[in-house]
Amino acid sequence: LPVIAIIGRPNVGKSTLFNRLVGKKLALVDDRPGVTRDRREAEGHLFDLDFKIIDTAGYEDEDPKSLPGRMRQQTERAISDADVALFMFDARVGLTPLDEEIARWLRGTETPIILVGNKAEGRAAEPGLYESYKLGLGDPVPLSAEHGEGMADLFQLLQPLIETDAFGEDGEETEDEGGPLKLAIVGRPNAGKSTLINRMLDDDRLITGPEAGITRDSIAVPWEWQGRPVELIDTAGMRKRAKVQDKLEKLSVADGLRAVDFAEVVVLLLDATLGLEVQDLKIADRVLEEGRALVIAINKWDIAADKKALFEGIGTALDEGLAQVRGVPLVAISAVSGKGIDDLMEAAFTVRDAWSKRVTTGELNRWFRDAVERNPPPAPKGKRIKLRYMTQARNRPPSFVLFGSRVDKLPMSYQRYLLNGIRNDLGFGGIPVRLTMRSPK
Ligand code: GDP
């Protein structure tokens, strides 16, 4: 279970929130004599989120002189054990020196911190909530642990940070990444798609020929590459010879792109004798927009002239033409001779790994803090955009959520800066990565 710590000075209402999240009965269990009192842990729930919660209460009885030292130990231990920390202050009282001291301890911690202004029912809390901005921890969540107000806002912030089951935006469950590699091969007519699939399968089940668009339909065919299972989703190529003879139809690229929906990794096949054309870039863009991992293969390498210049030229044109995703893997193959197919498959498995990868919230935020420090966000119209933390909401494709205030004003150029950093620094190179922004209400 993900772990949430509640930290804050005595009497701000930590235990009240703890009890509310745990349910009173359970919380009381730990109050038995002999049970350590400076840290309580229990299973908690907030709507459909399940987690373990740590309450650092218990130093209320301490001698005021030794309090900060003991608290600091407790707080630091709790934070290092937690996936998220709720830093609670009393919004009616406003900030005290101890609150500010705790905020200083939190600087540099990798654990995401949610600032919670408790006792926020009614207007008396407003000055305290405003004052809390000076802690530099972003917008406070107004909460009334006693009355149960603000729990939905808290939920909204917590959910992406601790939800471990990745469900797609469309509700589709993330699949097992160890399953067969679902591979689609797309490209303009005559690029050599059918020839390549034939070569892989090593039999005659596909028809190939010089006629453009000889193949159609979309079927998955099981294959194995170096002992690893693969499902080839042919754009159109799985049609049996006999059927093809019934009716030869011209196949549009759009028909072929239907296979992209079923694939994890898409191979865009180029024709070395034609080079990279605008339509190829459009197909590549479409694949990336659909959030699929992409590998580009230059086919007919056996008959390519001036190989070195061709390869470099296509590489440069891709990086310029696909500005959103740099470093898409590029391999040279010959579907006819089979040369380069191993490189192609190697690249396909590698991009699937990156596409399926998850980074921990800790690792992500360590990187994020650095990135923001190196290049702070702009202040449009003099108003600062405060970026707080990031989380990877899902994989396949990797999707990140950025929390902060006024993040909706964040320019595209800055979003690209973050996305490029994620790709280059965190091992998501060459694959489509998504970023969405959320401001706590
Ligand atoms: P598709 O429309 O993309 O399925 O293309 P096909 O597989 O039908 O291939 C079109 C033509 O290109 C056929 O005449 C193939 O023999 C030829 N071809 C495919 N791959 C290669 C290759 O690697 N080298 C050469 N020299 N010709 C190829």
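## Confidence

The chain averages a pLDDT of 81, and 81% of its residues score at least 70. pLDDT is the predictor's confidence in each residue, from 0 to 100. Over residues 165-175 the pLDDT is below 50, and this stretch has nine contacts beyond near neighbours in sequence. Two residues are in contact if their C-beta atoms, placed from the backbone, lie within 7 Å. Residues 207-218 also stay under 50. For them the model has 39 contacts beyond four places in sequence. Where pLDDT is low, the predicted coordinates should not be read in detail.

This is a predicted model: local features need pLDDT of at least 70, side-chain atom pairs count only at pLDDT 80 or more, and totals for chains, interfaces and linings use all residues. Residues are numbered from 1 along each chain as its sequence is written. The model scores ipTM 0.95 and pTM 0.64.

## Helix H12

H12 covers residues 341-356. Helices (H or I, at least four residues) and strands (E, at least two) are DSSP runs, numbered from the N terminus. Leu344, Met345, Ala347, Ala348, Val351, Arg352 and Trp355 are its buried residues (20 or more other C-beta atoms within 10 Å of their own, C-beta atoms being placed from the backbone). Down the helix axis they fall within an arc of 160°, so they line one face of H12. The arc is that of the directions from the axis to the C-beta atoms. Their packing partners include strand S7 (181-187) and strand S8 (220-225).

## A hairpin

Strands S2 (residues 40-46) and S3 (residues 49-55) pair in the antiparallel sense over seven bridges. Pairing needs at least two bridges found by DSSP. Arg40 has Asp55 of S3 as its bridge partner. Two residues separate the strands in this hairpin. In the turn, Phe47 has a positive phi of about 50°.

Conventions: Expected span 1.5 Å × (residues − 1). Buried ≥ 20, exposed ≤ 12 C-beta atoms within 10 Å, placed from the backbone.
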